[in-house]
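Subject: Structure for you to look at

Hello,

Here is the structure I said I would pass on. Please open it first and then read the notes below it.

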There are 2 protein chains.
Amino acid sequence: MRRPVPLPQCYRLLNHGPTVLVTSADGARRNVMAAAWNMALDFDPPKMAVVIDKSTFTRELVEASGEFALNLPCRSLAALTVAVGSATGRELSPDKLVQHGLSTVDGSRVGAPLIEGCVGWLECRVLPEPPIQQRYDLFVAEVVAAWADERVFSAGRWRYAPGDDPALRTLHYVAGGQFFATGDPVEAARA
Amino acid sequence: MRRPVPLPQCYRLLNHGPTVLVTSADGARRNVMAAAWNMALDFDPPKMAVVIDKSTFTRELVEASGEFALNLPCRSLAALTVAVGSATGRELSPDKLVQHGLSTVDGSRVGAPLIEGCVGWLECRVLPEPPIQQRYDLFVAEVVAAWADERVFSAGRWRYAPGDDPALRTLHYVAGGQFFATGDPVEAARA
């Protein structure tokens, strides 16, 4: 049910502002963290931006490998998203993914793993911008592959509709362990 | 009903990934555009990032003034949000805000107007980063004042709950005139 998303459409995975899980790997070292602060940055070639704090183990792995993946958790992964965002993976053995019982598949273009049970995935290569990485913890990356769960995203669109399975809605972080689920569609007539 | 938001809490206005309306002014020239590509960047002092394309009149006003405001439209403004995102204000007289019948109040710390009927507002001063402005149309700014409609945001939290007025939910842009409304709360137990 994981299907490729054509790269010029992959900004639509992030357009509605979901919280993501950032996975990274450098050799055998792997990690996962949560990130509400992400956005699309360009259409084609697709680029995105994400904030990765200096204190995180993810930052170390991303700077070492120049790669990461964004995984879009759905409502059924809300507790997991809070959990992996609440403690560092720096000293963990086995790694944080294993500790939380996460199944992963290999990225197709990057070394970062993709988390099963998520509903969207973007494989990203860092576009090095040392001044803004240092000043703002701000990373810019090119998206080199993208995937989505065809049950909820097809033909370039999220297909969420009233009455469908609420467990598959993406998440929008508020604070303190609270999210909003993605709500129902609003169609606005063009002017 | 527009109440100040303490600056260290203002990232929570953007955390859940809403689409915003960017207002700007340079002297008597004013404009408004829609922007799905925005995110929080830091807590205190609060910073945020937004993409403002080189082709836009907003870009010209933001570069001239060093300021802008983000206005968070709610569901009742969905058609307006598409409309102001679909045509340039460069050659309009009166300006795009007047053409769309928008009422505004003055910003408290910036010259950009604040749009009435929105449910959150962030007044922003550009932190000049010419290389990323030029390469990615990416603007970093400090938030110098923030406001929210107390009916939906109080004590640092969005208060959306099942059964409340759907017209006041914020919007998350998909594509082609379609949004998702912010959905219902999801409480995740901390691990």
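Helices and strands in this note are DSSP runs, a helix having at least four residues and a strand at least two, and they are numbered from the N terminus. By that count chain A contains five helices and 14 strands. Please keep in mind that this is a predicted model.

Overall form of chain A

The C-alpha trace of chain A spans about 50 × 35 × 30 Å along its principal axes. For 191 residues, a compact globule would have a radius of gyration near 16 Å, and chain A agrees with this because its own value is 16 Å. Of these 191 residues, 59% count as buried. Among the contacts in chain A with a separation of 6 or more, 66% come from residues 24 or more positions apart.

How can chain A be laid on chain B? A turn of 180° with a shift of 0.0 Å along the axis does it, and the RMSD is 0.0 Å. The two copies are therefore related as by a two-fold rotation axis. Both copies use the same surface, since 100% of the contact residues of chain A recur in chain B.

The helix at residues 57-65

In chain A this is helix H2, where A:Phe57, A:Thr58, A:Arg59, A:Leu61 and A:Val62 are buried. Which elements of chain A do the buried residues of H2(A) pack against? They pack against strands S2 (20-26), S3 (29-35), S6 (67-72), S9 (120-126) and S10 (138-149), and against helix H5 (130-136). Just after H2(A) comes A:Gly66, with a positive phi of about 70°.

In chain B, residues 57-65 form helix H1, so look for that label there; its buried residues are B:Phe57, B:Thr58, B:Arg59, B:Leu61 and B:Val62. The helix among the packing partners of H1(B) is H4 (130-136) of chain B, and the strands include S2 (20-26) and S10 (138-149). B:Gly66 follows H1(B), and its phi is positive, near 70°.

Backbone points to check

Most residues other than glycine have a negative phi, and most peptide bonds are trans. The places below depart from that.

- A:Asp44 and A:Pro45 are joined by a cis peptide bond with omega of about 0°. A:Pro45 sits in the loop between strand S4 (38-43) and strand S5 (46-51) of chain A.
- From A:Ser93 to A:Pro94 the peptide bond is also cis, with omega near 0°. The loop holding A:Pro94 is between helix H3 (78-84) and helix H4 (96-99) of chain A.
- A:Asp137 is not a glycine, yet its phi is positive, about 60°. A:Asp137 is in the loop between H5 and S10 of chain A.
- B:Ala155, also not a glycine, has a positive phi of about 50°. Its loop runs between strand S11 (153-154) and strand S12 (157-158) of chain B.

Are A:Asp137 and B:Ala155 buried or exposed? A:Asp137 has 10% relative accessibility, so it counts as buried, the cut-off being under 20%. B:Ala155 has a relative accessible area of 68% and is therefore exposed, as that is over 50%.

Regards

Key:
Residues numbered from 1 in each chain as written. Chains lettered and ligands numbered in written order. Predicted model: local features only at pLDDT ≥ 70, side-chain atom pairs only at ≥ 80, totals over all residues. Heavy atoms only, no water. Rg over C-alpha atoms; globule rule 2.2 N^0.38 Å. Buried < 20%, exposed > 50% of the residue type's maximum accessible area, 1.4 Å probe, protein only. Contact = heavy atoms within 4.5 Å. Least-squares fit on C-alpha atoms with pLDDT ≥ 70 in both.
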